[in-house]
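I went through annotated positions, a few contacts and some backbone angles.

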Amino acid sequence: MKKAIDLKILDPRIGSEFPLPTYATPGSAGLDLRALLDSAITLEPGQTELIPTGLAIHIGDANLCATILPRSGLGHKHGIVLGNLVGLIDSDYQGQLMVSVWNRGNSSFTIEPGERMAQLVFVPVVQAEFNLVESFDESARGEGGFGHSGRS
Ligand SMILES: O=c1ccn([C@H]2C[C@H](O)[C@@H](COP(=O)(O)OP(=O)(O)OP(=O)(O)O)O2)c(=O)[nH]1
Ligand SMILES: [Mg+2]
């Protein structure tokens, strides 16, 4: 499904020095977000920094949100993931997209200006209207959870 999303360029290097986010292949789910830094930043092990993307979006549809997810190569090979594990972009948020970058690895890692550090994925949302009840219709699982079915 395709959907038009309003986007503002907040840093003029996007569209000139660095490209606008695009889907790398026809089947890509994520749009890579770049670190719009003035200069390279070195994250020591355990360090977290909030890094601007130079972009703002306004989704404007309560049935849609965006998530910010780690890039698998950075996460697996270098321990570069997100300080909030997953970023959630509300449909009414109009501020700059920010990425909390966390070095959970054992070595320092330098992020260069314009480097692709995370990815943005749009996801449908259902807003619940709670129906207050005293008891639920029976289900096969009931209250079992948290590994109650064992491991093998
Ligand atoms: O990785 C992220 C996560 C969030 N946001 C922006 C968009 C989102 O809509 C807003 C609020 O995020 P969230 O609701 O997760 O944070 P909060 O701590 O609950 O802040 P608030 O009180 O502003 O809702 O911050 C980002 O730019 N990057
Ligand atoms: Mg919130």
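Predicted model: local features only at pLDDT ≥ 70, side-chain atom pairs only at ≥ 80, totals over all residues.

**Entry: backbone angles**

I looked up leucine 85 and found a phi near 65 degrees, a positive value in a residue other than glycine. Leucine 85 sits in the loop between β6 (80–82) and β7. Its relative accessibility is 55%, which is over 50%, so I put leucine 85 down as exposed.

Phenylalanine 146 went on the list for its phi near 55 degrees, again a positive value in a residue other than glycine. I located phenylalanine 146 in the segment after β10 (116–124). With a relative accessible area of 92%, phenylalanine 146 is exposed.

Serine 72 lies in helix α1, which covers residues 72–78. I noted serine 72 as exposed, at a relative accessible area of 61%. I also recorded the separation between the C-alpha atoms of serine 72 and alanine 118: 8.9 Å, for two residues 46 places apart along the chain.

Is isoleucine 89 buried or exposed? Its relative accessibility is 8%, and the limit for buried is under 20%, so isoleucine 89 counts as buried. Isoleucine 89 belongs to strand β7, residues 87–89. Leaving out residues up to four places away in sequence, I listed the contacts of isoleucine 89 as Ile57, Ile59, Cys65, Ala66, Ile68, Leu97 and Leu120.

Aspartate 90 lies in the loop between β7 and β8 (96–103). I wrote aspartate 90 down as partly exposed, with a relative accessible area of 43%.

**Entry: aspartate 61**

Where is aspartate 61 found? I placed aspartate 61 in the loop between β4 (48–58) and β5 (64–70). At a relative accessible area of 22%, aspartate 61 is partly exposed. What does aspartate 61 touch, not counting residues up to four places away in sequence? I found Lys3 and Ser91. For aspartate 61 and serine 91 I also looked up the C-alpha separation, which is 5.7 Å, although the two are 30 residues apart along the chain.

**Entry: a nonpolar surface patch**

Last, I looked at a nonpolar patch on the surface, formed by Leu7, Ile9 and Leu20. Together these residues have about 240 Å² of accessible area. I followed up leucine 7, which is found in strand β1 (residues 6–9). Leucine 7 has a relative accessible area of 38% and is partly exposed.

Methods. Residues numbered from 1 in each chain as written. Chains lettered and ligands numbered in written order. Heavy atoms only, no water. Helix = DSSP H or I, 4+ residues; strand = E, 2+ residues; numbered from the N terminus. Buried < 20%, exposed > 50% of the residue type's maximum accessible area, 1.4 Å probe, protein only. Contact = heavy atoms within 4.5 Å. Patch = residues over 30% accessible without salt bridge, like charges linked within 9 Å, V, L, I, M, F, W, Y side chains within 5 Å. Areas by Shrake-Rupley, 256 points an atom, 1.4 Å probe, with all protein chains shown as cover. Salt bridge = Lys/Arg side-chain N within 4 Å of Asp/Glu carboxyl O.
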